Amino acid sequence: MLPDFFSLKRELSKRFRRQLRSEIDAHAPVWSQIRAYVMVEGDTFSFQTVDGDVQKQKFKMMTHRIEVPADLPPEQMQLKVQEKFREMTEAMGRKFETSLFESIREVTDRTGLALDARGKPFHPSMLWDMVEKMPIDFDKEGNPMLPCMVVHPDMFKAIEPKIPEWESDPELRRRRSEVLARKKEEWLDREARRKLVG
Amino acid sequence: MIERLVENWLDNVNERGYEAAFCQALAAKGYRIVHRSSHGPMEQGKDVIAVSQNGEVCAYQLKTGNLDQRIWRSISGEVNDLVESAILHPNIDPTVPFKPFLVTNGEITDTVRLDIVAKNLAWRNRQREPLQLILKHDLFNWFVELQGRFLPTTPVDFQRFLGLYLAEKRDFLDKRNFCEFLESFLPIDDEIPRAEIRRVFSATAVIANYVLSGFQSVENHLAVAEGWIIVITYLLRIAESFRPYRRLWEPALRLCIAGMEDSLQLLADEALSNPHLIEGDPSVDMPFIAARKTIVLGYLAGFAIYNRLAEKKHPQDFDFFGKVLQGFSPSQLHLWSESASPYIFAMIAFVWLYGREGQACRMAGSVANTICKANSRSQPVGLPDAYFEPQDLMRAMALGENPFGHHQSFVGRSQSIQTFVEFIARRYRKRMLELLWHGISEIDPDEFVPTKAADLCRWRSKKGDSQTRRWPHPQDWNSLLRVAEKRETPDLLLCADFPELVVLFFLVFPHRMTPALSRFIDLRIMDSVNSAGR
């Protein structure tokens, strides 16, 4: 073996991997907003839904294989490795994001929370139809904590010019106020149930 | 290689350091240890008294290093006592002859040998048994033979062993590494021939002794106590498969328990004599005092509870209480992560035992409230879980490192909140819980349930379910009380036969303080008051 500076390189490699995790975040904007809970032991995890059902799941492995020719000169090798890692962060970001949406789809289908637009173009009333179906929490000041809306870039281009018009539409504003008032009532009701009784 | 290491250990250990291993070696040979001395003036030269399988009574005096003429002269009084004084022990007939042994981890000079031969003649003439010697090479052979196949064999295991053996002895014991080391040679869930059971238990304790005696030599009593609690836990884990053969494994286990008791007593003595619990270099000690106080007072409380549950109330029980009470306020203690929860649980249970129910419940409520605030969903990270040791977190804090994983969070859940909630519920402090409940209801109780219940007695378990559950909204008081007062003995040898060890087990394995185990032990503590009074 040639001199490797092994320990120092291992430390640098650790730092590089941490940096990669941040780069994966850049390619998984929704997934990166989710908190991570580390399971130190065991091979399964289970949790209880708001309906009281217990869901037990196994861990899923997510991998991405990269290959770099071993006979490249050093400068090219470093560039190639970095290029491959960039590819990897993109691919992993996509995988995380896809897996997240698959899970959401699976849950919304199962619980009946999915909304089928039946091919119609997007309209904000659909958004409020969706919000109607969901439990919405409010912060300590009573402001709604609305869910994140994820749209395809092409779709966003199509709807972006219409946003000011929708925002000033009195009918949509009325709908928004009605839905949020109902949601706030539901939230207050839920909050009121967070107590010890009997 | 390992033989060289055993030899090195024997060369560097004093008699207190090898006494436990010596007793284990006797136990492995089938001897019953009747008495181990506290090294006081009343021992009549007998550090260890044991009875062989055929009923022969033996008395041992343990010494350190080479015995030359000068040392021999200085100990001749003790040696005379060893040979001539009768054994005064309720389990031994004082008229029965016994065999006296002088044990040292060194050698003797020729002049001493000749002197012993001469003295033996005189003792024989006076109807006394002659003095026999157990020297370094005998001890070496005993230990190496006892360990047999249990010694680390692979380079990785050997490296781990060396890491522990050569570790900085004034630091915390690396519990995780120590457990991994034990797991590397212990036959967990493996078949062991009946004839081997005794040897497995004794050999484990002897190997552990190699590691722990270094900590003992610098009087790091906490590390030694934790080491023995780990060994006891693992021996109980193995004993799960051999419950019917208790008479084979119990003697070795009892010796480990005695080792644990000795080190806890020394820790308690030191804590009682140190008014502000300042340790080491005082110029940089300030950030560590609250954590040290939490740990030390937790151990004082745990030790007191251990003694009470073993039905031998400690003579210094009230002194322990006074010391715990001095520091028993949220402003003096440190909840660095949920691994601090067992220390506080031990303290509140102990304070409750002295009739301070209000104070105990207020502290339990304060901890629950702190967890609720720290782990509220509006927080970014929350209070770290019980897998985070104080030294890891304090090191990260002091050096500006991030000890957590990528996006790691602890909010919205807690491993210990249910323990504190149920503690309050069992004391019928409904009003207190009503006031706290809005916060509590946001924190989901979380626990790890191993596939094999016995694996709770391991540092980590690969098979099992990490369970997060929600409190009902609203929570019915009667349902909560039903759960809190549910009498169920967990299917563990630790709980069934050694419940007095459970609180100490929590202190060393904080991630194992599950609601079921803490409920079981708290009910035992409450029962102990009902049966014996406070």
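## A lysine between two chains

With 14 C-beta neighbours inside 10 Å, Lys195(A) counts as partly exposed (buried takes 20 or more other C-beta atoms within 10 Å of a residue's own, exposed 12 or fewer, and partly exposed is in between, with C-beta atoms placed from the backbone). You'll find Lys195(A) in the loop between α6 (170–193) and β3 (196–197) of chain A. Helices (H or I, at least four residues) and strands (E, at least two) are DSSP runs numbered from the N terminus.

Which residues does Lys195(A) touch, leaving aside those up to four places away in sequence? They are Trp437(B), His438(B) and Pro474(B), where a contact needs C-beta atoms, placed from the backbone, within 7 Å. His152(A) is another matter: 43 residues separate His152(A) from Lys195(A) in sequence, and 42 Å in space, C-alpha to C-alpha.

## Before going on

This is a predicted model, so to speak with conditions attached: local features need pLDDT of at least 70, side-chain atom pairs count only at pLDDT 80 or more, and totals for chains, interfaces and linings use all residues.

Chain A is assigned domain 1 (6–37 + 61–111) and domain 2 (124–193), with bounds that come from an automatic or database domain assignment. The centres of domain 1 of chain A and domain 2 of chain A, taken over C-alpha atoms, are 33 Å apart.

## Where the chains meet

Chain B puts 30 residues into the contact, and chain A puts in 23 residues. On the chain B side, α17 (430–440), β8 (464–468), β9 (475–476) and α18 (477–484) each supply at least two residues. β8(B) gives the most, with five residues. Sorted by class, that side of chain B has seven nonpolar, 15 polar and eight charged residues. Here Ala, Val, Leu, Ile, Met, Phe, Trp, Tyr, Cys and Pro count as nonpolar, Asp, Glu, Lys and Arg as charged, and the others, Gly among them, as polar.

An open sheet of five strands runs in the order β2(A)-β1(A)-β8(B)-β7(B)-β6(B), with mixed pairing; strands pair if DSSP finds at least two bridges between them. β2 (54–58) of chain A and β6 (413–414) of chain B stand at the edges, each with a single partner strand, so one side of each has no neighbour in the sheet.

Phe45(A) has Ser466(B) as its bridge partner in β8(B), and Phe47(A) has Thr468(B).

## A sheet within chain B

Chain B also holds an open sheet of five strands, ordered β1-β2-β3-β4-β5, again with mixed pairing. Its edge strands, β1 (32–36) and β5 (132–134) of chain B, each pair on one side only. On average, neighbouring strands of this sheet are turned by 25 degrees against each other, direction ignored. Axes are lines fitted to C-alpha atoms, for helices over the stretch in contact, and angles run from 0 to 180 degrees between N-to-C directions.

Strands β3 (residues 57–63) and β4 (residues 98–104) of chain B pair in the parallel sense over seven bridges, and Tyr60(B) has Phe101(B) as its bridge partner in β4(B). Helix α2 (residues 15–28) of chain B packs on the sheet, touching β1, β2 (48–51), β3 and β4 of chain B, and its direction makes about 155 degrees with that of β1(B).

## The nonpolar core

The largest nonpolar core has 149 residues; such a core is a set of buried Ala, Val, Leu, Ile, Met, Phe, Trp, Tyr and Cys residues joined through C-beta atoms within 7 Å. Ile232(B), Leu235(B), Cys256(B), Leu300(B), Met347(B) and Ile348(B) touch the most other members. Helix α9 (residues 221–239) of chain B gives the most to this core, with 14 residues.

Cys256(B) touches Ala205(B), Trp228(B), Val231(B), Ile232(B) and Leu235(B), not counting residues up to four places away in sequence.

Note on methods:
Residues numbered from 1 in each chain as written. Chains lettered and ligands numbered in written order. Contact = placed C-beta atoms within 7 Å.
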